[in-house]
Amino acid sequence: MASRYDRAITVFSPDGHLFQVEYAQEAVKKGSTAVGIRGTNIVVLGVEKKSVAKLQDERTVRKICALDDHVCMAFAGLTADARVVINRARVECQSHKLTVEDPVTVEYITRFIATLKQKYTQSNGRRPFGISALIVGFDDDGIPRLYQTDPSGTYHAWKANAIGRSAKTVREFLEKNYTEDAIANDNEAIKLAIRALLEMFSAKEIELQVTEIEKEKEEAEKKKSKKNA
Amino acid sequence: MALQDVCKWQAPETWGPSTHLPQAGDWAIPQGCNLQTFLQMHGPRLAHGTTTLAFRFRHGVIAAADTRSSCGSYVACPSSCKVIPVHQHLLGTTSGTSADCVTWYRVLQRELRLRELREGQLPSVASAAKLLSVMMSRYRGLDLCVATALCGWDRSGPALFYVYSDGTHLQGDIFSVGSGSPYAYGVLDRNYHYDMTIQEAYALARCAVAHATHRDAYSGGSVDLFHVRESGWEYVSRNDACVLYMELQKLPEPEPEGKASQAHPESVIPHRAGECGKLSSEPGEVSAEDSRMPAKTETL
């Protein structure tokens with residue numbers, strides 16, 4: 001009978017743990033690091049660029065993705081899972097625009113992704129998504145926002161956070177060094193992101209994506225790719 | 001069955017529970033009739049006569065309407081309120097079937113409140129208009145008749161949308177809906193500009209509805225006036241339409257006897273000295289009485 005294999009994979013343990021979710025979080029810890037920093041007028045996402053095989057076209061390896069004109073996300077964990085989540089989020093961004101006539105707020109799309117992840121911890125025959133995501137963007141009011149989701153489906157807003165390998169160390173660095181001066185202007189915020197990643201890795205491995213706001217044009221973000229020397 | 005064959009009786013095609021009851025949400029019409037034609041011939045007579053208008057200007061959105069509810073040539077209610085508040089910053093003028101309007105506005109209120117709770121902020125007027133038009137377009141072809149102008153103030157400032165029950169939703173600066181709308185449009189188009197003062201806007205709205213009630217048989221009663229500002233909507237006044245029209249027809253005179261003929265003003269508009277609306281095309285004729293319309297409560 002097929003129903004025998006249709007039970008929920010994520011079930012509670014006797015002491016109240018969801019082991020599948022915790023194992024998913026372990027998978028996230030194996031992924032390459034991503035760091036997000038929220039400045040006064042800027043949000044910075046930095047990711048560790050994993051060394052690719054010689055014959056691989058490195059331009060196709062993208063860890064930071066746009067969900068809409070004004071929202072981006074970076075992830076850590078299973079790339080294939082991330083692709084599915086990103087696609088669903090992109091569709092939801094457009095659906096929202098269609099039904100509500102307004103672009104999504106960063107909080108809305110984060111909540112959508114988190115709800116999606118939670119559904120997969122409570123469905124028959126499915127396993128949780130093995131990714132954590134850092135979602136950044138600007139709302140109508142021009143205030144920068146940074147959110148983090150994890151495989152269990154919770155989400156929180158952060159001033160600065162890191163996910164993936166060595167996330168703990170990077171976060172400790174950020175806790176020590178995230179001050180008002182450190183984010184005084186855009187360049188300072190970018191430097192802080194670079195320094196946070198440099199703590200762990202060599203310079204060549206960093207691909208930095210900078211998201212800035214242009215208040216005069218009232219655009220939400222501009223994306224720049226910088227390669228560090 | 002043998003008996004069936006003998007009597008040459010055909011069983012009805014539909015199986016299931018009693019076939020003479022309509023499906024939920026459906027109309028109970030005799031078998032074999034086309035829904036549209038049957039309703040047109042025998043359906044309930046719907047009330048369409050009204051004059052409502054709304055326009056958007058620098059200081060907010062004005063909504064005005066008459067108060068006559070007619071059913072054919074019978075005045076069902078001479079003092080109905082055709083402007084329905086949806087929430088603190090959103091009003092809707094209603095035209096078409098009163099029952100449909102009220103019902104759909106209640107549904108809209110519920111949906112907007114749910115969205116507000118989920119998102120932590122009120123949806124925009126565009127969002128409300130989209131929502132209403134999508135909800136109603138599902139019932140297209142079933143003789144819903146709701147023609148409404150949603151007037152509100154949201155993050156983008158004053159906003160005005162026209163929504164019709166076939167799913168149309170349009171953004172605009174001036175809308176007038178109902179049987180009296182052609183007359184109202186004439187007045188509005190003549191005197192509207194975005195940078196009007198508030199008193200000018202009030203005067204223009206009252207003038208437009210008064211003229212429409214004068215010529216349209218299905219509009220009359222009183223003139224309701226609402227104003228949506230940044231701080232929310234406000235019920236400005238209710239003036240008897242006939243009295244209002246007569247006052248407008250009088251040549252503006254600055255002498256005291258002109259003013260003495262007015263009843264004491266009961267409206268809640270703040271009076272601004274010297275601030276008046278231009279109602280007639282006489283140049284240079286700015287009369288103080290224009291901004292202080294007699295606010296008699298409606299009768300009959």
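Okay, hi everyone. Keep in mind as I go that we're looking at a predicted model.

Let's start in chain A, with the sheet. Five strands make up an open sheet, and reading across, the order is β3-β4-β5-β6-β7, with antiparallel pairing. So which strands stand at the edges? Those are β3, residues 64–68, and β7, residues 155–157. Each has a single partner strand, so one side of each is left without a neighbour in the sheet.

Now zoom in on one pair. Strand β4 of chain A covers residues 71–77, and it pairs with β5 of chain A, residues 131–138, over seven bridges in the antiparallel sense. If you want one bridge to find on screen, take A:Gly77, whose partner in β5(A) is A:Ile131.

Helix α2 of chain A, residues 79–100, touches β3, β4 and β5 of chain A, and its direction makes about 20° with that of β3(A). Helix α3 of chain A, residues 106–119, also packs on the sheet, touching β3, β4, β5, β6 and β7 of chain A. The direction of α3 makes about 165° with that of β5(A).

On to the cysteines. How many disulfides does a search of the whole structure find? Zero, over all chains. Take A:Cys72: the nearest cysteine sulfur belongs to A:Cys65, and it is 8.5 Å away. A:Cys72 counts as buried, because its relative accessibility is 2%.

Last stop, still in chain B. UniProt lists B:Thr50 under "active site", and that comes from an unreviewed entry. Where does B:Thr50 lie? In the loop between α2, residues 35–42, and β1, residues 52–57, of chain B. Is B:Thr50 buried or exposed? At 2% relative accessibility, B:Thr50 counts as buried. What is B:Thr50 in contact with, once we leave aside its neighbours within four places in sequence? Among its contacts are B:Asp66, B:Lys82, B:Thr94 and B:Ser95. Further along the chain B list you'll also find B:Val177, B:Gly178, B:Ser179 and B:Gly180, plus B:Asp216, B:Tyr218 and B:Ser219.

Note on methods:
Residues numbered from 1 in each chain as written. Chains lettered and ligands numbered in written order. Predicted model: local features only at pLDDT ≥ 70, side-chain atom pairs only at ≥ 80, totals over all residues. Heavy atoms only, no water. Pairing = 2+ DSSP bridges. Helix = DSSP H or I, 4+ residues; strand = E, 2+ residues; numbered from the N terminus. Contact = heavy atoms within 4.5 Å. Axes fitted to C-alpha atoms, helices over the stretch in contact; angles between N-to-C directions. Disulfide = S-S within 2.5 Å. Buried < 20%, exposed > 50% of the residue type's maximum accessible area, 1.4 Å probe, protein only. UniProt positions renumbered as here; feature names shortened; annotations may be inferred.
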